[in-house]
Amino acid sequence: MIALIVCLAIIAVALIAFLTWFFSMTAEGKCPLCALKAFKRSKLTMDISETPDYENGVSPLPLMGWSSWNTLRNHISEEAIYDCAKVLSQSGLAEAGYKYVNIDDCWQSNIRDENGCLQGDLESFPSGMKALCEKINALGLKMGIYSSNGTLTCEDMPASLGNEEKDAKTFASWGVEYLKYDYCHHEIVKGSTPIIEYVDINRVGESAQIRLRPEHAKYEGRAKCVKCSDLPSKQGIAFLNHGAGSASYEIDVPSGGDFVFTVHYRKNYLHSKQYLQIIVNGKTYELFFPKGMALTHDARAQVLIKLRNGVNLVKLCNPIATRADSIYLQYQKMGNALREASKAWAQYSGCEEKPITYSICEWGFNKPWFWGSKAGNMWRTTFDITPHWLRIVSIYNKNLKLYKYSSPSHINDPDMLEVGNGKLSEEENKSHFALWCMMAAPLVLGNDLRNLTDNSAKSRSLLKILTNKSLILIDQDPLVKSAKKIGKIHGVEILARPLSNGDAAICFFNKSSRIKTVDFSLDLLCDEDYLEFPKCREYQIHDLWSDERLIGDSIKANIVKHGVKVYRISAN
């Protein structure tokens, strides 16, 4: 009986707390039901179906190159980067397709320059990043750079959150052609929005010329005009929070140009930083409202915007309901900034445009495979890789399931290659490389390239793996269709992917610690709709490791511990 009373008391307290929150939200001009969507943290609630795919003119194929992080970590320098670039150029790796030299975290000084721009470490990169880029370009290679969608990078260096346009312009002016955009020190934009009393619009140096009043707005969704006794105007625009709705206006100006939007709003003492989007003729401007600490009820915030001659369309809204919504908008913001910066720099300099491949790296936390194609060129699907077999297999397991989200210009990224690192065996190195090729993944080397110049047996073996032309052709196939798991034989996983010329690639992956034998009828490939592979009496079979070519209707093979067999199959 006592337990029942305690349970009822807990339920009553929870109900009272919920009702208190519900009515306080309503009193603050916020939709409480819309705010509940925030509990689905990693789910995108915004409708992006009409948003065009991100296009910026880069190659639609998975990127190939080298990154400094896995080997050099934070101990990088201009000399070390250039030494690795020279090996890439001279070892046959560049000829095989590895063209990008991607400089990861810790390239930057902890202080921005006098103009607020990022700059290279003043000791480790004394020539500056533009000069280094020019030297790398002279080798026939491209330079990539790193930043984070946060206040600092993962190594606590200056990052780009809030400086997207400035940093994008800086990267473009250096000639950078790749950006890895990480997730450390990130700050989530909230779905909360205050009541808007009215909006004044004026040119700089002039008094207000236009006032947007709540009663004149066109409302959509749950947004509406409400009475507010503690505001001078006694009313305001409410229920813009968490994607609840919007308020729109048409304003006519005789002469376009730069204008000040002054948003007069009701302070809120219970919430942290709040947010509003002002969308003017399709361009989004952002306003952040601080937590209220003053004694007065009303306040103002300003943003500079551009208006055109004649009628302008203005919409006030906050489309963010979940963490995923916030992440999407912020990564999209940097992607747009990069695209515009590369175009603007080409026009300013008179040089050919260098579009910047944009790599979204939020570790798969917010399911970027659902929205990444609208924001960038490639997206990480998992947390960081390490040179450990179990970690590589776990990443493979997750990334393989996302095969249907892979397409030209939009790439699932299971992170860099660890081939040649740690204690991976030769077979594990081969399997790691082959699996990444089967998954249409970026092939970004993470080993110390300077160790490949000694002509040792290990170096020759690594170069042979990494320059396997037949496997690289699989990875770089124009369809960019990742492999799908189509079956299992005695514990051996069977992967297959369609190729642009009508062929199919098939891989047998032995995860176990014992030799496994497979006997696979190639007619089974014809039963997979994903492959669109024709049935015939016999097939051409190309073993992509041994280069042996056969004609037959089946594959019989022994696969060693942690090993793979990969074949290209053609209709005979």
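**Exercise 1. Find the angle and the axis distance at which helix H9 and H10 pack, then classify the pair.**

Step 1. Helix H9 (residues 389-400) packs against H10 at an angle of about 15°, with the axes 11 Å apart. Axes are lines fitted to C-alpha atoms, for helices over the stretch in contact, and angles run from 0 to 180 degrees between N-to-C directions. Helices (H or I, at least four residues) and strands (E, at least two) are DSSP runs, numbered from the N terminus.

Step 2. H9 is therefore roughly parallel to H10. The cut-offs: under 35 degrees is roughly parallel, over 145 roughly antiparallel, 65 to 115 roughly perpendicular, and the rest oblique.

Step 3. The crossing of H9 and H10 is left-handed. In such a crossing the near helix is turned anticlockwise from the far one by less than a right angle; clockwise is right-handed.

Step 4. On H9, Trp389, Ile392, Ile395 and Tyr396 make the contact (heavy atoms within 4.5 Å). On H10, the partners are Glu428, Ser431, His432, Leu435 and Trp436. By class, this contact has 6 nonpolar, 2 polar and 1 charged residues. Ala, Val, Leu, Ile, Met, Phe, Trp, Tyr, Cys and Pro count as nonpolar, Asp, Glu, Lys and Arg as charged, and the others, Gly among them, as polar.

A note on the model: it is predicted, local features need pLDDT of at least 70, side-chain atom pairs count only at pLDDT 80 or more, and totals for chains, interfaces and linings use all residues. Residues are numbered from 1 along each chain as its sequence is written, and side-chain values use heavy atoms, with hydrogens and water left out.

**Exercise 2. Describe how H10 and H11 cross.**

Step 1. The axes of H10 (residues 426-438) and H11 (residues 457-466) come within 10 Å and cross at roughly 20°. So H10 is roughly parallel to H11.

Step 2. This crossing of H10 and H11 is right-handed.

Step 3. Glu426, Asn429, Lys430 and Phe433 of H10 touch Ser461, Leu462, Ile465 and Leu466 of H11. The classes are 4 nonpolar, 2 polar and 2 charged.

**Exercise 3. Decide how H7 lies relative to H8.**

Step 1. H7 (residues 164-174) and H8 (residues 323-349) have axes that come within 8 Å and cross at roughly 40°. H7 is therefore oblique to H8.

Step 2. H7 and H8 cross in a right-handed way.

Step 3. Residues of H7 in the contact include Glu164, Ala168 and Phe171. Those of H8 include Lys333, Leu338 and Trp345. The contact of H7 with H8 has 8 nonpolar, 2 polar and 4 charged residues.
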